[in-house]
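The exercises below ask you to read a structure step by step, moving from single side chains to the chain as a whole. Please keep the sequence and the 3D view open while you work through the solutions.

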Amino acid sequence: ASTKSATTDSNSFSANLVKNVEAMHSVLSKLLPPEQLQEVFTNIFDLVATRIIAIFGGSDEVSPKTNPPPPPLGNKTAAERKRIADDLRFIVIHLSKLLAVPTSSSLRTLDKFITDNFASAASSRSKAAAPPPLAPQQQR
């Protein structure tokens with residue numbers, strides 16, 4: 001899965017995260033049996049989802065010394081909220097496409113978090129631009 005064409009549509013953090021996870025998957029898929037590969041990426045997806053939800057959900061899990069939380073989402077403009085939602089959806093969509101790694105419950109949780117917390121931003125997008133829902137057959 002290539003992020004080259006989508007890189008300009010997402011911020012550098014989102015694009016770099018996806019690019020690095022895809023590169024890691026490419027290497028590890030040649031070295032690990034499928035069960036171990038799935039376990040490794042389930043842990044990675046859990047960490048990504050937990051951190052994103054902690055940061056944007058205002059959770060106490062984010063240490064103020066190392067990662068101060070961003071201002072509350074209520075202080076964001078509609079355009080800023082849409083950009084955040086688009087960047088987070090970029091991560092979910094691209095990580096969900098990795099072969100041999102079924103969509104984890106963490107990515108489904110993150111997808112729901114985006115929908116619940118960025119509903120107004122998501123509803124401002126056209127239907128054609130909306131990402132496809134996560135396929136139930138991909139669930140672990």
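**Exercise 1.** Is Lys82 buried, partly exposed or exposed, and what is its relative accessible area? Then describe the salt bridge that Lys82 forms with Asp86.

*Solution.* Note at the outset that the model is a predicted one.
- Step 1: The relative accessible area of Lys82 is 28%. Buried would require under 20% and exposed over 50%, so Lys82 counts as partly exposed.
- Step 2: The salt bridge joins Lys82 to Asp86, and their closest N and O atoms lie 2.6 Å apart.
- Step 3: Both residues belong to helix α3, where they are 4 residues apart, which means that about one helical turn separates them.

**Exercise 2.** How many salt bridges does the structure hold? Work out where the partners of the pairs Arg89–Asp111 and Lys112–Asp116 are placed.

*Solution.* 
- Step 1: The total is 4 salt bridges, and that of Asp86 with Lys82 is one of them.
- Step 2: Arg89 and Asp111 meet through their side chains, with an N to O distance of 2.5 Å. This pair links distant parts of the chain, since Arg89 sits in helix α3 and Asp111 in helix α4, 22 residues apart.
- Step 3: With a relative accessible area of 9%, Arg89 is buried, and Asp111, at 19%, is buried as well; the value for Asp111 has to be set against the cut-off for buried, which is under 20%.
- Step 4: The side chains of Lys112 and Asp116 also form a salt bridge, at 2.6 Å from N to O. Both residues lie in helix α4, 4 residues apart, or about one turn of the helix, and Asp116 is partly exposed at a relative accessible area of 48%.

**Exercise 3.** Which helices do the buried residues of α2 pack against? Begin by checking the length of helix α2.

*Solution.* 
- Step 1: Helix α2 covers residues 34-57, which makes 24 residues, and at 1.5 Å a residue it should span 34 Å.
- Step 2: The buried residues of α2 include Leu37, Phe41, Ile44, Phe45, Val48 and Ile52.
- Step 3: The buried residues of α2 pack against α1 (12-31), α3 (78-96) and α4 (105-117).
- Step 4: Take Phe41, which lies in helix α2, as an example: at 0% relative accessibility, Phe41 counts as buried. Phe41 and His25 are 16 residues apart in sequence, while their C-alpha atoms are 8.0 Å apart in space.

**Exercise 4.** Which residues have the most contacts inside the largest nonpolar core? Follow one of them, Ile91, to its neighbours.

*Solution.* 
- Step 1: The largest nonpolar core has 25 residues, and Val21, Phe41, Phe45 and Ile91 have the most contacts inside it. At least two residues of this core come from each of α1, α2, α3 and α4.
- Step 2: If neighbours within four places in sequence are left aside, Ile91 is in contact with Phe13, Ser14, Leu17, Val18, Val48 and Ile52.
- Step 3: Of these, Ser14 is found in helix α1 and is buried, with a relative accessible area of 2%.

**Exercise 5.** How are the rings of Phe113 and Phe118 arranged?

*Solution.* 
- Step 1: The structure holds 2 aromatic pairs. In the pair of Phe113 and Phe118, the ring centres are 6.5 Å apart and the planes stand at 80°.
- Step 2: An angle over 60 degrees counts as edge-to-face, so this is the class of the Phe113 and Phe118 pair.
- Step 3: Phe113 and Phe118 are both buried.

How values were computed: Residues are numbered from 1 along each chain as its sequence is written. This is a predicted model: local features need pLDDT of at least 70, side-chain atom pairs count only at pLDDT 80 or more; totals for chains, interfaces and linings use all residues. Side-chain values use heavy atoms; hydrogens and water are left out. Rings of Phe, Tyr and Trp (its six-membered ring) pair if their centres lie within 6.5 Å; planes under 30 degrees apart count as stacked, over 60 as edge-to-face and the rest as tilted. Buried means under 20% relative accessible area, exposed over 50%, partly exposed in between (1.4 Å probe, protein chains only). The expected span of a helix is 1.5 Å times one less than its number of residues. Contact means heavy atoms within 4.5 Å. A nonpolar core is a set of buried Ala, Val, Leu, Ile, Met, Phe, Trp, Tyr and Cys residues joined through side-chain atoms within 4.5 Å.
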